Amino acid sequence: MSTIKIIHNPRCSKSRQTLALLEQKEVSAEIIEYLKTPLSKDELKKLYTQLNIEEVVHMMRPKEAEFKEAGLDKTTSTDEELFDAMVAHPKLLERPIVINGDQARIGRPPESVLEIL
């Protein structure tokens, strides 16, 4: 069985709720505090594939000030620009994200991660 990981921000209520849900289900997960240990561009690209979402911007927090300050636009910025911005500004990555093998889900709502456990 693969190691389950959670990309986590302990200051985020949804992230804490998702971690608590994993613990309630007795799921042991490796906790990755992405603000302390940012993901590389290659890791972000792999995560995008694991999430199986339509657009890179869907794994981001476009309401953060850094999104606008980086000159990004939800409809016109390229995938490479978005990945580069997440590398430069890790807080732009949506959280929490639970990874199980080749699948990942954003924990918004927290229960959405249960489908990959």
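**Cavity, pocket and helix packing**

Student: How many cavities of 30 Å³ or more does a search of the whole structure find?

Tutor: The search finds one cavity of that size, 30 Å³ or more. A cavity is a set of points on a 1 Å grid over the protein atoms alone where a 1.4 Å probe fits but cannot get out, and lining residues have an atom within 4 Å of a point. This is a predicted model, in which local features need pLDDT of at least 70 and side-chain atom pairs count only at pLDDT 80 or more, while totals for chains, interfaces and linings use all residues. Residues are numbered from 1 along each chain as its sequence is written, and side-chain values use heavy atoms, leaving out hydrogens and water.

Student: What volume does the largest cavity have, and which residues line it?

Tutor: Its volume is about 40 Å³, taken as the space filled by probe spheres set on grid points joined across faces, edges and corners. Tyr34, Pro38, Leu39, Leu44, Met86, Pro90 and Leu93 form the lining. By class, the lining holds seven nonpolar residues, no polar and no charged ones (Ala, Val, Leu, Ile, Met, Phe, Trp, Tyr, Cys and Pro are nonpolar; Asp, Glu, Lys and Arg are charged; the others, Gly among them, are polar).

Student: And the largest pocket: what is its volume, and which residues are closest to its centre?

Tutor: The largest pocket has a volume of about 300 Å³. It is lined by 13 residues, of which Lys5, Ile32, Leu39, Glu43 and Ile99 are the closest to its centre. A pocket is an open set with protein on both sides within 12 Å along at least five of seven lines. The lining of the largest pocket divides into five nonpolar, five polar and three charged residues.

Student: Which element gives the most to that lining?

Tutor: Helix α2 does, with four residues. Helices (H or I, at least four residues) and strands (E, at least two) are DSSP runs, numbered from the N terminus.

Student: Which residues of α2 are buried?

Tutor: Within α2, residues 41-51, the buried ones are Leu44, Leu47, Tyr48, Gln50 and Leu51. They line one face of the helix, because they fall within an arc of 165 degrees when seen down its axis; the arc is that of the directions from the helix axis to the C-beta atoms. Asp42, Lys46 and Thr49, on the other side of α2, are exposed. Buried means under 20% relative accessible area, exposed over 50%, and partly exposed in between, with a 1.4 Å probe and protein chains only.

Student: What covers the buried face of α2?

Tutor: The cover includes β1 (4-8), α4 (79-88), β3 (97-100) and β4 (103-106), with contact meaning heavy atoms within 4.5 Å. In α4 the buried residues are Leu82, Phe83, Ala85 and Met86. Their arc around the axis is only 160 degrees, so they are on the same side of α4. They pack against α2 and α3 (65-69).

Student: Are Tyr48 and Phe83 buried or exposed?

Tutor: Tyr48 and Phe83 are both buried.
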